[in-house]
Amino acid sequence: MATEKTYYEILGVSKDADIAEIKKAYRKLVRRYHPDVSNDPDADQKTSEINLAYNILKDPEKRAEYDEMLANPFQARQQAGSAGRGGFEGFGGFDTGAEGYQHHHFDSSRFGEGRPFGSGDFRFDDIFSAFGHAQQPRGRRPGESLQGEDQYAELSIDIASAYEGSERSLSIDMPTLNAEGEMAYERKTLHVKIPKGIGEGQQIRLRGQGLPGFNGGANGDLYLKVRFRESEELYVKSGKDIYQRIDVMPWTAAVGGKIEADTPAGRLNVNIPANSRTGQNLRLKGKGIPAKEAGDLYLTVNIVLPRADSGADRAAWQKLAEHYGVKG
């Protein structure tokens with residue numbers, strides 16, 4: 001990737017792209033060029049440029065400064081020259097001069113049990129820029145401390161965990177400082193308590209588990225954004241409402257009746273109204289995720305036709321057809 005490109009060009013988005021478009025483009029590119037999965041000889045350099053562009057454009061203040069620099073490139077270069085290479089350098093990224101930050105590249109494949117993109121419970125692909133470039137200050141006064149940056153990731157959990165609460169132990173390699181003040185990896189086991197009633201998109205804060213501080217500064221925190229493992233049969237809407245597909249026999253759907261259904265809220269007796277149809281939602285108020293204001297559980301009717309494998313089965317279906325005036 002040529003350094004003359006703007007950050008927008010690096011990510012392949014327009015200057016008026018919103019954060020959702022920027023994030024989508026970033027994820028696509030980092031999956032394509034990350035050294036752990038790409039055969040491109042310049043994959044590491046391209047990933048660094050992608051991360052750098054994303055770091056600036058995702059931050060409203062940094063993006064505003066960058067846009068101003070793009071609009072007035074001559075003034076920006078004058079300011080950079082008088083400041084001794086501070087700030088932005090041309091159309092590239094933040095400069096790494098004496099008043100800036102020294103970047104250290106971390107192997108992001110070491111997160112999430114050592115698999116690329118944190119496959120498994122953790123999703124770090126959205127924060128490669130954060131873990132990929134830890135920032136160590138240079139040119140500061142001797143002994144001056146600096147708090148480590150907070151980090152953000154996603155944690156995938158079963159929907160049932162939000163009903164009952166649970167605890168998890170997850171081992172990952174985290175960045176740290178060695179005795180010489182250089183960045184290194186340390187194997188850590190994180191104990192995560194998942195509170196009952198947590199909703200989709202809420203965060204769990206792990207104090208002191210972010211990037212390390214410098215010169216005695218406190219570590220940053222690690223924020224785990226919760227997302228639920230979902231399927232076509234069971235998923236979440238509005239953060240706390242649960243939708244679950246339930247199978248219903250045709251005669252029950254026709255005349256109504258009670259069935260037992262296994263749900264995240266437990267085994268429930270469910271009243272099936274007469275003349276129910278496939279796709280119809282039965283609302284069980286307050287049976288969704290037990291948040292401060294509990295969500296609802298919606299059971300989606302799926303009418304299942306029994307097989308007609310024997311002569312008696314076919315005769316029964318034929319009799320039913322004749323009853324409704326359907327000719328065989």
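**Figure 1. Helix α3 meets helix α4 in the predicted model.** This close-up comes from a predicted structure. N55, I56 and L57 of α3 meet K62, R63 and Y66 of α4. By class, the α3 contact with α4 holds three nonpolar residues, one polar residue and two charged residues. Helix α4 covers residues 60–71. The axes of α3 and α4 come within 6 Å and cross at roughly 105 degrees. An angle of 65 to 115 degrees counts as roughly perpendicular, so α3 is roughly perpendicular to α4.

**Figure 2. Helix α2 packs against helix α3.** Helix α2 spans residues 19–33, and helix α3 spans residues 43–57. Their axes come within 10 Å. The crossing angle is roughly 165 degrees. Angles over 145 degrees count as roughly antiparallel, so α2 is roughly antiparallel to α3. The crossing of these two helices is left-handed. From α2, the contact draws on I19, I22, K23, Y26, L29, V30 and Y33. From α3, A43, K46, T47, I50, N51, Y54 and L57 take part. By class, the α2 contact with α3 has 10 nonpolar, two polar and two charged residues. L57 of α3 belongs to this contact and also to the one with α4.

**Figure 3. L282 sits buried in strand β13.** L282 is placed in strand β13. Its relative accessibility is 9%. Buried means under 20%, so L282 counts as buried. Leaving aside neighbours within four places in sequence, L282 contacts V270, N271, I272 and P273, and also L297, Y298, L299 and V301. Among these partners is L297. L282 and L297 are 15 residues apart along the chain. Their C-alpha atoms are separated by 8.1 Å.

**Figure 4. G217 is a buried loop glycine.** G217 lies in the loop between β7 (203–206) and β8 (222–228). Its relative accessibility is 17%. The cut-off for buried is under 20%, so G217 counts as buried. Not counting residues up to four places away in sequence, G217 touches S145 and L146. Q147 is 70 residues from G217 in sequence. In space, the two are 4.6 Å apart, C-alpha to C-alpha.

Figure 5. Most residues other than glycine have a negative phi. S238 is not a glycine, yet its phi is positive, at about 55 degrees. S238 is found in the loop between β9 (234–237) and β10 (241–248). S238 has 67% relative accessibility and so counts as exposed. N275 is likewise not a glycine, and its phi is about 60 degrees. N275 is found in the loop between β12 (266–272) and β13 (281–284). At 52% relative accessibility, N275 also counts as exposed. The cut-off for exposed is over 50%. Strand β13, at one end of the N275 loop, also holds L282.

**Figure 6. The whole chain gives context for the close-ups.** The protein chain has nine helices and 14 strands. Of its 328 residues, 41% are buried. Among contacts with a separation of 6 or more, 59% join residues 24 or more positions apart. The chain exposes about 18,200 Å². Carbon and sulfur atoms supply 47% of that area.

Definitions and conventions: Residues numbered from 1 in each chain as written. Predicted model: local features only at pLDDT ≥ 70, side-chain atom pairs only at ≥ 80, totals over all residues. Heavy atoms only, no water. Axes fitted to C-alpha atoms, helices over the stretch in contact; angles between N-to-C directions. Helix = DSSP H or I, 4+ residues; strand = E, 2+ residues; numbered from the N terminus. Parallel < 35°, antiparallel > 145°, perpendicular 65-115°, else oblique. Left-handed = near helix turned anticlockwise from the far one by under 90°. Contact = heavy atoms within 4.5 Å. Nonpolar A, V, L, I, M, F, W, Y, C, P; charged D, E, K, R; others polar. Buried < 20%, exposed > 50% of the residue type's maximum accessible area, 1.4 Å probe, protein only. Areas by Shrake-Rupley, 256 points an atom, 1.4 Å probe, with all protein chains shown as cover.
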